[in-house]
Amino acid sequence: MPQARLLLVEDTLSLATLYREYLRGEGHAIQHASTLGAAREALAERPPDAVLLDLRLPDGDGLGLLAEIRAAPNPPPVVVMTAHGSVSVAVDAMRAGASDFLVKPFPAERLVVTVANVLERAALRREVATLAAGAPRGGFAGFIGAAPAMQTVYRILENAAPSRATVFVTGESGTGKELAAEAVHALSPRSGGAFVALNCAAIPKDLIESEIFGHVRGAFTGAVADRPGAARAADGGTLFLDELCEMDLALQGKLLRFIQTGSFVPVGASKPLRTDVRFVCATNRDPLEEVRAGRFREDLYYRLHVVPVALPPLRERGEDVILLADAFLARSAAEEGKRFARFAPDALALLRAHRWPGNVRELENAIRTAVVLHDAEEVTAAMLPVTVHGGAAPPAAAPGGRASDPARRIRPLAEVEREAIEEAVRLCGGNIPKAAAFLGVSPSTLYRKREAWGGQRG
Ligand SMILES: Nc1ncnc2c1ncn2[C@@H]1O[C@H](COP(=O)(O)OP(=O)(O)OP(=O)(O)O)[C@@H](O)[C@H]1O
């Protein structure tokens with residue numbers, strides 16, 4: 001990290017001297033202010049690259065200054081320093097826009113790493129902002145897609161990867177959160193190390209701790225041998241924690257300590273272990289909603305929420321659905337040794353009209369199913385699974401409905417066709433030529449069919 005200009009706001013002279021000493025080897029230029037007044041003057045004179053802010057100052061509360069700094073254009077990152085035991089104050093400060101916090105007393109290494117992290121993140125943000133309009137890409141590090149929202153995702157992943165900053169991925173199920181984590185790992189200097197993925201939703205709650213931190217033999221019934229756990233397996237690499245909102249609050253506390261200190265205690269062990277891990281976390285829930293509901297620790301949320309990446313649902317990616325479908329078709333056809341080379345117009349219309357609640361995973365599965373069950377040059381609408389046709393009418397609305405009875409569950413093609421047409425017409429606001437274009441048929445076909453259905457409609 002190149003030299004930076006730091007403003008150190010601390011009223012205890014001996015501490016200010018100590019912190020300067022801690023940071024001596026980093027080559028930063030440090031300006032010291034012992035009151036809010038002096039800090040304001042220094043900020044007005046020349047904004048620093050980062051501020052280290054003690055909250056209790058002789059002429060007022062540091063939180064006020066934090067708010068002023070945050071309100072200015074291009075605010076520098078602020079690291080808040082609080083007295084031991086006042087973590088709730090630190091959380092208030094994070095909510096007010098602090099970039100990180102240090103609980104006093106802290107060792108030299110913590111200060112050095114924290115300052116390096118906030119400077120790196122600030123540099124990253126500047127870079128993301130200036131990279132605004134690069135040439136759009138049709139794919140990136142395993143991702144396929146050219147939608148504008150995906151360009152933003154690519155840029156953030158690309159810029160975040162080289163750093164050690166925690167990446168927090170949100171998005172509906174199947175939008176590519178794990179793929180994003182893999183991309184961060186692959187493009188990082190840790191790519192030679194392990195990428196370890198842990199899906200907390202797939203593990204029984206009482207085993208999550210041992211899956212992450214490992215256990216020693218005899219730690220609990222069934223622990224017949226020592227087990228290293230994901231934190232150790234990912235040493236020197238990347239640990240991807242998926243659905244981390246599934247962890248109970250006590251375990252979230254342990255995870256927070258692990259992230260802060262790099263050390264953890266395996267279940268049943270007495271001594272802590274240290275590892276060097278980069279974190280990527282993901283959830284398909286709204287993390288702030290989870291915080292509000294008391295299921296996700298606020299301090300952990302702020303600690304993880306360093307580089308947020310929001311993956312858009314597939315239905316908001318426009319023509320990406322076709323780009324993806326083409327790629328999946330080529331891959332599945334090659335794997336299954338089938339002739340499929342393209343989609344028929346009616347299949348394309350269906351792919352565009354469906355809402356894809358299961359996102360890219362649902363699309364991938366739908367195409368694989370079609371390829372496995374059929375063989376032809378073209379995938380037609382009729383070959384796509386009934387769930388895709390279901391976009392026109394939810395399965396619950398289908399007649400009958402005993403799940404075990406295929407005769408009731410498989411709907412006649414004519415009915416499916418009619419629903420697809422009516423849905424297309426509805427989506428096009430009643431514009432028949434437009435709906436026909438999307439469906440890949442002539443307008444006269446639609447007029448003819450709808451006339452034939454006549455009075456049965458509505
Ligand atoms: N843009 C994309 N391009 C190509 N393949 C993709 C893309 N997005 C997702 N996939 C593929 O879709 C499948 C689901 O993706 P992934 O597992 O990353 O989703 P997820 O968001 O982590 O899902 P979940 O929340 O259910 O864990 C994977 O096979 C992945 O490779």
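The points below take the basis of the model, then the ligand, then the helix.

1. The model is predicted, with local features requiring pLDDT of at least 70, side-chain atom pairs counting only at pLDDT 80 or more, and totals for chains, interfaces and linings using all residues. Residues are numbered from 1 along each chain as its sequence is written, and side-chain values use heavy atoms, with hydrogens and water left out.

2. The ligand is surrounded by 19 residues (a heavy atom within 4 Å). The closest are Ile144, Ser173, Lys177, Arg361 and Glu364. By class, the shell comprises six nonpolar, six polar (Gly counted among them) and seven charged residues.

3. Domain 2 (140-312) and domain 3 (316-396 + 409-452) each contribute at least three residues to this shell; the bounds come from an automatic or database domain assignment. At least two shell residues come from each of S9, H7, helix H13 (320-336) and helix H15 (359-373), where helices (H or I, at least four residues) and strands (E, at least two) are DSSP runs numbered from the N terminus.

4. Oxygen atoms of the ligand lie 2.7 Å from a side-chain N or O atom of Ser173, 3.3 Å from a backbone N or O atom of Thr175 and 3.1 Å from a backbone N or O atom of Gly176. The protein buries 84% of the 640 Å² that the ligand exposes when taken alone (Shrake-Rupley method, 1.4 Å probe).

Technical notes: Polar contact = N/O pair within 3.5 Å; in protein donor to acceptor, adjacent residues only side chain to side chain.
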